[in-house]
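Please open the structure in your viewer and keep the selection panel at hand.

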Amino acid sequence: MTEEEFGELLEFVRAAVRSQGRADLDELLVGSRRIDAVMPQGQLLAYLEGLRDEIALRADRTTRQMMLRLREIRTENDDPILGVTVDIMDEDVAVYGARSIDISGSPELDSVVSDLNELIAQLRESGDQ
Amino acid sequence: MALSLPDAKDRISTILSAYKAVSGTSRDLLTSTMTSGKVYEAWVLTHVLEMLRTQEGYDVTLVGGDKVRLKSSPGPINRSYAHFRLRRDNSPGLEVWTDVEFMTLSSSLRSGAVPGPGDYHEIDILVVAEGATSRPGHDQVLLGVECKNTGFEKDMMRAALGVRRELSFLTEPAPTIFHSWPRSTVPAYPSSVYAVYSNDPGVAKYDEAGKVFGVDFIYETM
C-alpha cells in the first residue's frame, strides 16, 4: 500500500469510529501523543493500536488477568475475591441507569482484539513492500 | 499476499461492527466509555497491589466485602466501603482506597477557612495509614496513583503537576515509606509518592520532566 492509501484508510477508520458514536474516542486518539508520526502509515498504525487498547479494556482476557493477580489476595474471612464492580454514585444513576456495573470482559472482544492485532501486523508489513 | 486498500477497509468494517454489536446502544456506549476508564483503574490497582505484595513484602487483605468496588465519582473515605489493608512486619498498617479526595496543601496553609472545591482533589488510587477517615490531609498521603486510559494528553501532565504541588513542597530527595517500590526516595516534603499510569506509550515522554518534581509517568499496557 502507498502512503496515500494509508492516509485514506486512516480517514476511513476515523469516520467509522465516529459513526459508532465514539467521536470522544476518535478525538482522544488523535489528540494524544500517539499520533505524532509524520507519515500516514505510522499515524494509521498508532491510531489502530490505540483503538485495540480501548477494545482490549473490555475484553475477557483483561478481566481474567486481573482476577489472576487478585487470586493471591484474600478477604478478612480468608475467602477469595469474587470480582470487580463499579458502584454508581447517587448523582450518576440517572446518567448510567444502574446502581452498579459489573466489570466482566466480553469473550467476543477477545477475537476482535486478535483480528485487529493481525490487521495491524499486516498493515505494518504492507508498508515495507 | 499483500493487503489491498479495499481488503483493509472490509476488515476494519467487520472489526468495528463486531465491537458495536457488543457495545450496543447509546446508553451502553456511555457506560462503556466510563467502564473502560474504570477497567484501566482496576488493572493498575491490581498491578500496584501485586507490586506491594511481591516487591515490598506486604500482606494484602480485602476488608469490608468480597468484591473490589470502584466508584463512578470521587468522594471522602467511606469506611463502610471495601478497601485493602496492607500489613508488614514491624511496620504500621496501611490502607489502599480508590476514588478518594484528599485535602490540599494550600488549604492547610489557610487553616480555618471553610473548604471549597479547590481545597480537595481526587486521586484514583490512594495509600494512607490505617484508620484514615473523610478526606485525608495532604500529609497523610503515602502513595497516589492516577490512571489514564487510551490517550495521554499534555493537559493531563499539567494536572498531575498541580496535584503534586498540592501534596508536597519540593525538597532534596527524602525517604518514602517504601523500601524500593515504587520509590525509596522522592524530592518532596511530605515525602508522598505520586505516579501517573497510562496505556498510551506517549506518557513516557513526560517522565523525565516529571521526575524533577517527584511525578512518575509510567506506561502500563494490558
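**Two prolines in the loops of chain B**

Begin with B:Pro190, which is found in the loop between S8 and strand S9 (193-198) of chain B. The model is a predicted one. Display the backbone from B:Tyr189 to B:Pro190: the peptide bond here is cis, with omega near -5 degrees. Next, select B:Pro182, in the loop between strand S7 (169-175) and strand S8 (185-189) of chain B. A cis peptide bond joins B:Trp181 to B:Pro182, with omega about 0 degrees. For context, most residues other than glycine have a negative phi, and most peptide bonds are trans.

**Two residues with positive phi**

Move to B:Asp99, in strand S4 (residues 94-103) of chain B. Its phi is near 55 degrees, a positive value in a residue other than glycine. Is B:Asp99 buried or exposed? With a relative accessible area of 0%, B:Asp99 is buried.

Then select B:Ser134, located in the loop between strand S5 (120-129) and strand S6 (141-148) of chain B. B:Ser134 is not a glycine, yet it has a positive phi of about 50 degrees. Its relative accessibility is 40%, so B:Ser134 counts as partly exposed.

Select B:Leu52, whose place is in helix H2 (residues 26-54) of chain B. B:Leu52 counts as buried because its relative accessibility is 0%. Which residues is B:Leu52 in contact with, leaving aside its neighbours within four places in sequence? They are B:Gly57, B:Tyr58, B:Leu86, B:Phe178 and B:Trp181.

Now draw a distance from B:Leu52 to B:Ala159: the two are 107 residues apart in sequence and 26 Å apart in space, C-alpha to C-alpha. Continue with helix H4 (residues 154-167) of chain B, which has 14 residues and reaches 20 Å from its first C-alpha to its last, close to the 20 Å expected at 1.5 Å a residue. Colour the buried residues of H4(B), which are B:Met156, B:Met157, B:Ala160, B:Val163, B:Arg164, B:Glu166 and B:Leu167.

**Across to chain A**

Show both chains. Here 66 residues of chain B are in contact with 70 residues of chain A. B:Ile15, B:Tyr19 and B:Thr150 supply 11% of the area that chain B buries against chain A, more than any other three residues. The area buried between the two chains is about 6,200 Å², and carbon and sulfur atoms give 63% of it.

Select A:Val112, in helix H6 (residues 107-126) of chain A. A:Val112 counts as buried because its relative accessibility is 4%. Beyond neighbours within four places in sequence, A:Val112 is in contact with A:Ile55, B:Ile15, B:Ala18 and B:Tyr19.

From there, select helix H3 (residues 40-57) of chain A. Its 18 residues should span 26 Å at 1.5 Å a residue, and its end C-alpha atoms are 26 Å apart, which agrees. H3(A) is mostly covered, with 14 of its 18 residues buried.

**Chain B as a whole**

The C-alpha trace spans about 65 × 40 × 40 Å along its principal axes. Of the 222 residues in chain B, 54% are buried. Colour by charge to finish: chain B has 23 positive and 27 negative side chains, and the centres of the two sets lie 3 Å apart.

How values were computed. Residues numbered from 1 in each chain as written. Chains lettered and ligands numbered in written order. Predicted model: local features only at pLDDT ≥ 70, side-chain atom pairs only at ≥ 80, totals over all residues. Heavy atoms only, no water. Helix = DSSP H or I, 4+ residues; strand = E, 2+ residues; numbered from the N terminus. Expected span 1.5 Å × (residues − 1). Buried < 20%, exposed > 50% of the residue type's maximum accessible area, 1.4 Å probe, protein only. Lys, Arg positive; Asp, Glu negative; His and termini not counted. Charge placed at Lys NZ, Arg CZ, Asp CG, Glu CD. Contact = heavy atoms within 4.5 Å. Buried area = accessible area lost by both parts, 1.4 Å probe.
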